[in-house]
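Let's take a walk through this protein together. Keep the viewer open and turn the model as you read.

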Amino acid sequence: MAEPVLTVAAMRAAEQAAMASGTDEGELMRRAGEGAAGYVARVAAGRAVTVLCGPGNNGGDGYVIAESLRLRGNAVVVVAPIEPQTEAARQARSRWQGETLSAPTGRHAPVLVDALFGYGLTRRLAGEFAALLEEASASHGYRIAIDVPSGVACDTGEVLGALPDYQLTLALGAWKRAHWLMPAAARMGALRLVPIGLELSDVCECLSARPSLAAPAADAHKYRRGLLGIVAGAMPGASLLAAAAAMRAGAGYVKLAAETPPPQAPAELVVEARSALLADPRTAAVLAGPGLGRDVGARAIMAAVLEARRPAVLDADALHLLDPDMIEGVDVTTLCLTPHEGELAALARSFGVTAQGKFARAQALHDATGLTVLAKGPDTLLVGSGGRVRYFPRGSSWLSVAGSGDVLAGAIAARLAAHGDPFRAAEEGVWLHHEAARIAGPALTAGELACAIRPALAQLL
């Protein structure tokens with residue numbers, strides 16, 4: 001089941017709804033703090049813990065954590081440069097029975113808990129709090145952030161000042177955007193969710209759930225499973241990589257649209273003239289862009305692909321060619337764009353999108369065009385119709401290799417050929433890509449990644 005990802009406003013609304021239903025703020029804080037303390041206790045394994053407590057409710061969570069750890073037998077000290085400023089935090093502070101310091105002593109402890117500031121921070125972390133976080137982080141070997149690290153903008157993933165690396169981040173109540181958006185996500189370490197009993201329904205932004213793919217029907221044949229056409233261009237190597245992935249991602253038939261068969265093409269890949277493939281009514285989906293080029297000829301190929309009115313994945317060079325005129329009269333609900341950061345910026349210029357930041361650009365591009373947008377990278381997010389947004393658990397950092405995007409495009413296109421839903425295809429393609437990277441292992445090549453798509457598919461059946 002997909003888990004909701006909340007904005008700051010949505011999180012506040014969920015907490016207010018809980019309180020309106022009879023759960024007071026102190027009880028929510030108790031649930032959050034004691035739930036987080038369970039994780040901290042397992043990490044600390046009886047060792048000493050320092051808890052940094054800020055003046056707001058995140059600091060209140062910290063006092064609850066500290067008291068819970070003290071009762072479990074851990075040596076705990078709280079460092080709080082400012083007294084609590086909210087009623088719930090003051091109550092939590094009154095129940096803390098251990099030592100409270102206004103500044104670090106410089107002594108080293110194994111575990112640090114950062115409960116300075118929570119999800120609502122919008123200003124740059126500076127002054128005594130920045131100095132406190134820097135000093136404490138330097139003297140503790142294992143760092144845990146409560147909800148989000150102090151100094152992170154929850155809705156954008158922006159880092160608001162110097163930020164240490166954390167080994168663990170405990171999300172309270174619900175995931176926030178920053179847990180899945182760079183640059184903040186790269187500093188959070190392992191992520192764990194601490195439920196606090198919030199009712200979260202009708203949320204359009206979610207963490208993508210692992211898909212369960214299906215084997216072909218008992219009476220399936222190659223065309224019913226989906227004929228995918230991959231359009232070759234000036235540099236056929238990229239389209240061949242995409243084809244290698246597509247043939248292993250569940251499409252029944254993969255053809256390469258090229259006027260001349262590339263010498264490296266495998267025997268099982270059928271090569272056919274582009275015009276014939278695009279005109280064939282059995283063609284279920286098309287992939288265009290990898291190795292296409294960006295000249296006048298490539299633009300003419302792009303126009304022909306869109307005029308064929310087939311569901312399509314547009315990647316790589318296609319994203320630099322696409323403009324508003326090209327999609328005039330096209331059913332945009334059948335198209336999926338797969339830009340990395342530079343391609344997303346190019347699309348924003350082409351379509352007059354002025355939003356800044358990955359999430360805002362992807363959302364604004366979808367709003368302006370109606371296209372499904374998979375903004376890929378170390379943080380990958382998917383934006384589709386009906387306000388749907390999917391975030392993804394981080395994939396292997398070994399995916400940062402040339403040709404990786406071509407493999408992803410091939411996997412998505414194969415899934416699109418299989419069922420015709422661009423949003424679902426993109427989601428399935430990302431999971432196949434990540435699973436293939438896990439199987440291929442460190443220092444993978446794009447070719448090895450493409451070959452690992454088949455065992456990855458088996459894992460998702």
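A residue is called buried when its relative accessible area is under 20%, exposed when it is over 50%, and partly exposed in between, using a 1.4 Å probe and protein chains only. Helices (H or I, at least four residues) and strands (E, at least two) are DSSP runs, numbered from the N terminus. What you see is a predicted model, in which local features need pLDDT of at least 70 and side-chain atom pairs count only at pLDDT 80 or more, while totals for chains, interfaces and linings use all residues. Residues are numbered from 1 along each chain as its sequence is written, and side-chain values use heavy atoms, with hydrogens and water left out.

H5 covers residues 127-138, and its 12 residues reach 17 Å from the first C-alpha to the last, close to the 16 Å expected at 1.5 Å a residue. The expected span is 1.5 Å times one less than the number of residues in the helix. Buried in H5 are Phe129, Leu132, Leu133, Ala136 and Ser137. Seen down the axis, these buried residues fall within an arc of 120°, so they line one face of H5; the arc is that of the directions from the helix axis to the C-beta atoms. An α-helix has 3.6 residues a turn, so residues three or four places apart point the same way. On the face of H5 turned away from the buried side you will find the exposed residues Gly127, Glu134 and Ala138. The buried residues of H5 pack against strands S2 (49-53), S3 (76-79), S5 (109-115) and S6 (140-146), where contact means heavy atoms within 4.5 Å.

S6 leads us on to its neighbour. Two strands pair if DSSP finds at least two bridges between them. S6 and S7 run parallel and are joined by 3 bridges, and in one of the bridges Ile146 has Leu170 of S7 as its partner. S7 also pairs with S9 in the parallel sense, over 5 bridges, with Ala171 bridged to Leu193 in S9. How many of the residues of S7 (residues 168-172) are buried? The count is 5 of 5, so S7 is largely enclosed by the rest of the structure. Leu168, Leu170 and Leu172 point one way from the strand, while Thr169 and Ala171 point the other way.

Asn58 counts as buried because its relative accessibility is 8%. Setting aside neighbours within four places in sequence, Asn58 is in contact with Asp114, Ala115, Leu116, Phe117, Gly118, Ile146 and Asp147.

Next, visit Ala184, in the loop between S8 and S9 (190-194). Ala184 counts as buried because its relative accessibility is 0%. Beyond neighbours within four places in sequence, Ala184 is in contact with Val152, Gly157, Val159 and Ala178.

S8 also takes us to another part of the model. An open sheet of 12 strands, with mixed pairing, has the order S8-S1-S10-S19-S18-S17-S16-S15-S14-S11-S12-S13. Its edge strands are S8 and S13 (270-272), each pairing on one side only. S1 (residues 3-6) pairs with S8 (residues 175-176) in the parallel sense over 2 bridges: Val5 is bridged to Trp175, and Leu6 stands opposite Lys176. S1 also pairs with S10 (residues 205-207), here in the antiparallel sense over 2 bridges, and Pro4 stands opposite Cys206.

Which elements do the buried residues of helix H11 pack against? They pack against S10, S16 (335-337), helix H10 (341-350), S17 (372-375), S18 (381-383) and S19 (389-391). The buried residues of H11 are Phe359, Ala362, Gln363, Leu365, His366 and Thr369. They cover an arc of only 160° around the axis, which puts them on the same side of H11. The face turned away from that side carries the exposed residues Asp367 and Ala368. After H11 comes Gly370, whose phi is positive, near 80°.
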